[in-house]
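Student: I've got a new structure to look at, and I'd like to go through its cavities. Can you help me?

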Amino acid sequence: MALTDAQLERYQRHILLREIGGVGQRKLLDAKVLVIGAGGLGAPALLYLAAAGVGTLGIVDDDIVSLSNLQRQILYVTDEIGAPKAATAERRLSALNPDTAIETHAARLTAANAAEIIARYDLVLDGCDNFETRFAVSDACVALRKPLVSAAIGEFDGQIAVFRPDGKTLPCYRCFVAEAPEGAATCTDQGVVGALAGVVGTWAALEVVKEIVGFGESLAGRLVLFDGLSAETRKVRLRRDPECPVCRGLGAHA
Amino acid sequence: MTIEVTINGEPRGVEGPLTVADLLVLLGLTRGKVAVERNLEIVPRSTYEAVAVVDGDRFEIVRFIGGG
């Protein structure tokens, strides 16, 4: 379907890029992206993905907006304290861009419901705040062959990776993280500078756009480590673990 | 023989021969609780016994973070 005059104007700065153009913008408008967690990472990612014209944005979050969220979760305003995040995000994002259809899942994603929720999307951005959910998201993405853009923060550090396991060389999340570290700290009990969540969540949104449109270097098989204290980033190779219990069997069926 | 490596940016001599698995023990780290980056590559966990530490290796111990 051709872009309307309003779309040509709204997405002009995308269309001007040779790497995106009208064809890439069409891909964004046709894309269905699921964002896990509408918190520190999800908030900026959702804003940029809606602004970019991603056609369908699913939001998984069962939380309500609290006062201490507002230091970094820039989707929400003070008047919205006590309101459900998913529905509040839907209002804000729909107002930002009517091209984007928002689907809310006001539930906690678990191993039991992950596949059902993820199945109808093309790609998943995980910005949740705990390892248990990260494992459930990744395992479902491996089983359903969905690309996963994974972002995480802790104190001054950020980690961003793209997982497209192929059973050959490219890893899944479990090839990297075997188990939650002891006393796994999350943002609930750990400090974080709000702007770090902005950097990492926004970076994840950029990788989503790259994966959908298909330009630049994919982070599949790579891990970006961002150190907010030194302002240094390191991009390291991430290989498939031949003994990974989750993606080991993929090659055989591919 | 002493093998000269860098661990988290600090030069360090370790007694060889040793593998990445031995290095984790030496550092008092539990396999699976951290990732081991060697020369800008995360070493797959199941291969720790098979990867020899050699002179000049640069290691970073990467902590898992899961916040959002």
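Tutor: The largest share of its lining, 3 residues, comes from helix H7 (residues 131-144) of chain A. Helices (H or I, at least four residues) and strands (E, at least two) are DSSP runs, numbered from the N terminus. This is a predicted model: local features need pLDDT of at least 70, side-chain atom pairs count only at pLDDT 80 or more, and totals for chains, interfaces and linings use all residues. Residues are numbered from 1 along each chain as written, chains are lettered from A and ligands numbered from 1 in written order, and side-chain values use heavy atoms, without hydrogens and water.

Student: What volume does the second largest cavity have?

Tutor: A cavity is a set of points on a 1 Å grid over the protein atoms alone where a 1.4 Å probe fits but cannot get out, and lining residues have an atom within 4 Å of a point. Among the residues lining this one are Ser138(A), Lys146(A) and Phe163(A). Its volume, the space filled by probe spheres set on the points, is about 30 Å³.

Student: Which element gives the most to the lining of the largest cavity?

Tutor: That cavity has a volume of about 80 Å³. Strand E5 (148-154), strand E6 (157-163) and helix H8 (173-176) of chain A each give two or more residues to its lining. With 4 residues, the one giving the most is E6(A).

Student: Is Asn113(A) buried or exposed?

Tutor: Buried means under 20% relative accessible area, exposed over 50%, partly exposed in between (1.4 Å probe, protein chains only). Asn113(A) has 18% relative accessibility, so it counts as buried.

Note on methods: On a 1 Å grid over the protein atoms alone, a cavity is a set of points where a 1.4 Å probe fits but cannot get out, and a pocket is an open set with protein on both sides within 12 Å along at least five of seven lines; lining residues have an atom within 4 Å of a point.
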